[in-house]
Amino acid sequence: MGETYGRVQEDMVVADIQSMVAMIIEYEAILFWRRNSGTPMHLQLCTSSEDDSDSKSTTTLEKQGQILLKDILLLQNRLDNVIKDSQNNYDGMNRRIGEIVKQGNAHLQKVEDKQNEFKKQVYE
């Protein structure tokens, strides 16, 4: 009887964890469908009740937060560089388009001048 009770207790812990995971997944699915509803949502962190583990997890979270902040700053820097490159490309394309338009206008002016010369010759 004692061994059976111990196995049941061990299985109960596993079953409890599986139940919690299933509830979390279900809740995340509900949040996914309600994310655009405009209601405020909160992310909650569950830790053990021991003071020692809380301080360790807080330190770990702070370290992870610092790493995430560094990653965000790196991504922001990369994005700024991409934006600058895009702006430079855009400016270069605008300059080139301006040159092409000037050349086109110059050719158009030459064609109009030749047409006017031809009209003078024909009508005189």
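Q: What makes Glu 99 partly exposed in this predicted model?
A: Its relative accessible area is 42%. Buried means under 20%, and exposed means over 50%. The value for Glu 99 lies in between, so Glu 99 is partly exposed.

Q: Why is Arg 96 called partly exposed?
A: Arg 96 has a relative accessible area of 44%. That value also lies between 20% and 50%, so the label is partly exposed.

Q: How do you know that Arg 96 and Glu 99 form a salt bridge?
A: The closest N and O atoms are 3.3 Å apart. The cut-off is within 4 Å, for a side-chain nitrogen of Lys or Arg and a carboxyl oxygen of Asp or Glu. The pair meets it, so this is a salt bridge. The structure holds one salt bridge.

Q: Why is Ile 25 called exposed?
A: Its relative accessibility is 52%. Exposed means over 50%, so Ile 25 counts as exposed. Ile 25 is found in helix α1, residues 2-34.

Q: What makes up the nonpolar patch on the surface?
A: Val 13, Ile 17, Val 21 and Ile 25 form it. Together they have about 360 Å² of accessible area.

Q: How many helices and strands does the protein chain have?
A: There are two helices and zero strands.

Technical notes
Residues numbered from 1 in each chain as written. Predicted model: local features only at pLDDT ≥ 70, side-chain atom pairs only at ≥ 80, totals over all residues. Heavy atoms only, no water. Buried < 20%, exposed > 50% of the residue type's maximum accessible area, 1.4 Å probe, protein only. Patch = residues over 30% accessible without salt bridge, like charges linked within 9 Å, V, L, I, M, F, W, Y side chains within 5 Å. Areas by Shrake-Rupley, 256 points an atom, 1.4 Å probe, with all protein chains shown as cover. Helix = DSSP H or I, 4+ residues; strand = E, 2+ residues; numbered from the N terminus.
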